[in-house]
Amino acid sequence: MKNRLGIYLHIPFCRRRCGYCDFLTMVPREEGIMDHYLELLLRELSHYGEFLRGLPPETEFTVYLGGGTPSLLGTERLLKLFEGIGNGLPRAPLEWSMEANPESFLTLDGALLRRAGLNRLSLGVQSGSPRLLKVIGRIHTVDDASRAYEKARREGFTNINVDFISALPGERPQDREASLEWMEAHPVEHISVYDYILEEGSAFYDQIRRGLLPEPAEDDESLILYQEALVELGYEQYEISNFSREGRQCLHNLIYWLGDPYLGLGLGATGTLGAMRYRNPVTLADYEAAIKRGAPHGWEEELSPEDRTHEEIFLGLRMNEGIALSRVFPDGRSLKDFSQIIKRQHKLGHVLLEDGRMKLTAKGRRFANQVELAFME
């Protein structure tokens, strides 16, 4: 088992907020706020310097810049941030990912960023349908997404992910077909397809409640069709929402799903170190005050062994490889202690036992939330 630590850095800035989004984001009203925020972010990283230097020498690191829109920072700011991250780590990350919107990636010098350490790019395409991109309030066009992909390839990126969303309000079969055509025409190494969830606090939530947008579909048909099509295109589904070419799974996200430790840096970021989980303050003023105090966490909690067990089952079931029957969970139990639940879920056709592991079936992936809740009883 390899020692790995993930480091997530939250970049909250967006040119505007998309209708479906409830993430912690902000529109920068002045350029200086981005520079000031990055200073705070690197100060927070330095807070963990002693911890990072004390890790075993074989520890491998992953870095992930998410948001928000990290590509909105521009090349110069990103290079300064990358330099600060590199100086703050004992050794170079095994995987260094950055989320980018197509239209803002087109303004970046990707070759410079790649030479500075970035080795995985995640483009937020979301849909291959021009109509649907307008409905959800995306700034970029389908052509922007294609040009961003082509630019990334020219600049030497050999590990590209694209994000798509299924079952968006108003999605039609031809919209899904347009997305699949885009995927086929742009052969990336990794594709994430997230099923749309209506979140309270998003613009869509209000619009749907007022009858201005149709209710999102309540079944999983759209996501299932994506899954089947992507397998036909040669991608391996390794997690409910994630597909990759051979050997191109997202190493950073695997840290979350396998229950490995990770640091969350930045506004509202969450981290988990052993049984300790924390979240940073969610307002810029509170975050700045916390950094200046040298205590960046807004709150901390100690996860009970039972909480950690439930979480390991929840995350393990999302993985296509499932959970080893021999695995001993933090509270001392193994899957044998859940035998009655497993029998019921097996009878329903939701799980199967093979090769010493418990896995979700194709049907089980459709009802994953219900299966996971059954193990929480």
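This is a predicted model: local features need pLDDT of at least 70, side-chain atom pairs count only at pLDDT 80 or more; totals for chains, interfaces and linings use all residues.
Leaving aside neighbours within four places in sequence, the contacts of F243 include E189, H190, I191 and V193. Further contacts of F243 under that condition are Q227 and L230, together with Y235, E236, Q237 and Y238.

## Nonpolar cores

The largest nonpolar core comprises 74 residues, and I7, L52, L65 and M98 have the most contacts inside it. Helix 1 (residues 32–47) supplies the largest share of this core, namely six residues. Another core, of 16 residues, lies apart from the largest one; I240, I313, I323 and L335 are among its members. In soluble globular proteins, nonpolar side chains tend to be buried together.

## K359 in strand 15

K359 is found in strand 15, which runs over residues 357–360. Its relative accessible area is 15%, under the 20% limit, so K359 is classed as buried. The side chains of K359 and E354 form a polar contact at 3.1 Å. When residues up to four places away in sequence are not counted, K359 touches N320, E321 and G322, as well as H350, V351, L352 and E354.

## Helix 7

Helix 7 consists of 13 residues, 142–154. From its first C-alpha to its last, helix 7 reaches 19 Å, close to the 18 Å expected at 1.5 Å a residue. Just after the helix, G156 adopts a positive phi of about 100°.

Buried positions in helix 7 are V142, D144, A145, S146, A148, Y149, K151 and A152. An α-helix has 3.6 residues a turn, so residues three or four places apart point the same way. The buried residues of helix 7 pack against several helices: helix 4 (102–105), helix 5 (110–115), helix 6 (130–135) and helix 8 (173–185). They also pack against strand 4 (120–126) and strand 5 (160–166).

Terms used:
Residues are numbered from 1 along each chain as its sequence is written. Side-chain values use heavy atoms; hydrogens and water are left out. Contact means heavy atoms within 4.5 Å. A nonpolar core is a set of buried Ala, Val, Leu, Ile, Met, Phe, Trp, Tyr and Cys residues joined through side-chain atoms within 4.5 Å. Buried means under 20% relative accessible area, exposed over 50%, partly exposed in between (1.4 Å probe, protein chains only). Helices (H or I, at least four residues) and strands (E, at least two) are DSSP runs, numbered from the N terminus. A polar contact is a pair of N or O atoms within 3.5 Å; within protein, one must be able to donate a hydrogen and the other to accept it, and residues adjacent in sequence count only if both atoms are side-chain atoms. The expected span of a helix is 1.5 Å times one less than its number of residues.
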